Amino acid sequence: MKTKHEIYYDKEKTKPVTDYEVNVDGYALLKTGKFYVFGESKVIASGEAVVVAQDEAVVKACDKAFVVAWQKARVKAFDKAFVVAWQKARVKAFDNADVVARDEAVVLLYDNTALWADRTAKIIDKRANTCQNPS
């Protein structure tokens with residue numbers, strides 16, 4: 001099934017992005033610039049990409065990409081990506097990703113990730129415990 005991408009340069013949805021490649025899994029590849037992603041779009045953000053995702057968009061963020069996720073957006077963050085999750089966004093963070101969780105965001109932490117969270121965010125910490133009990 002082909003994904004309908006709703007990707008824009010502005011949040012008002014007046015300037016659509018049309019010059020992106022799509023990989024074999026149907027993800028739009030976004031590398032440089034600021035993008036607003038809506039609907040059920042699936043994107044991979046990398047490098048200098050800044051992505052604002054909402055609705056039920058799916059984002060894979062890597063290589064220092066910056067993502068702001070709203071509503072029911074889902075993000076997988078890798079390789080020094082930075083994610084800010086609001087409302088009911090869901091984030092899986094791996095491999096040195098940094099996450100800020102607000103509102104009712106749900107965050108699963110793996111590997112060497114860093115987290116800053118409100119008390120209302122749901123955090124599931126799957127990182128290996130590196131502290132040793134001296135006794």
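I began with Y110, which is partly exposed at a relative accessible area of 22%. Buried means under 20%, exposed over 50%, partly exposed in between (1.4 Å probe, protein chains only).

I noted that the model is predicted: local features need pLDDT of at least 70, side-chain atom pairs count only at pLDDT 80 or more, and totals for chains, interfaces and linings use all residues. Residues are numbered from 1 along each chain as its sequence is written, and side-chain values use heavy atoms, without hydrogens and water.

Next I looked up ring pairs. Rings of Phe, Tyr and Trp (its six-membered ring) pair if their centres lie within 6.5 Å; planes under 30 degrees apart are stacked, over 60 edge-to-face, the rest tilted. I found six aromatic pairs. Y9 and F35 are tilted, 5.9 Å centre to centre with 35 degrees between the planes. Y9 lies in the loop between β1 (6-8) and β2 (21-22) and F35 in strand β3 (residues 28-38), so the pair ties together parts 26 residues apart in sequence. Strands here are DSSP runs (E, at least two residues), numbered from the N terminus. F35 is buried, at 4%.

I then returned to Y110. F94 and Y110 are stacked, 4.6 Å centre to centre with 10 degrees between the planes. Ring pairs link F78, F94 and Y110 into a cluster.

Last, I checked the strands. Two strands pair if DSSP finds at least two bridges between them. Four bridges join β8 (residues 82-85) to β10 (residues 98-101), in parallel. V84 has V100 as its bridge partner in β10. β10 also pairs in the parallel sense with β12 (residues 114-117), over four bridges.
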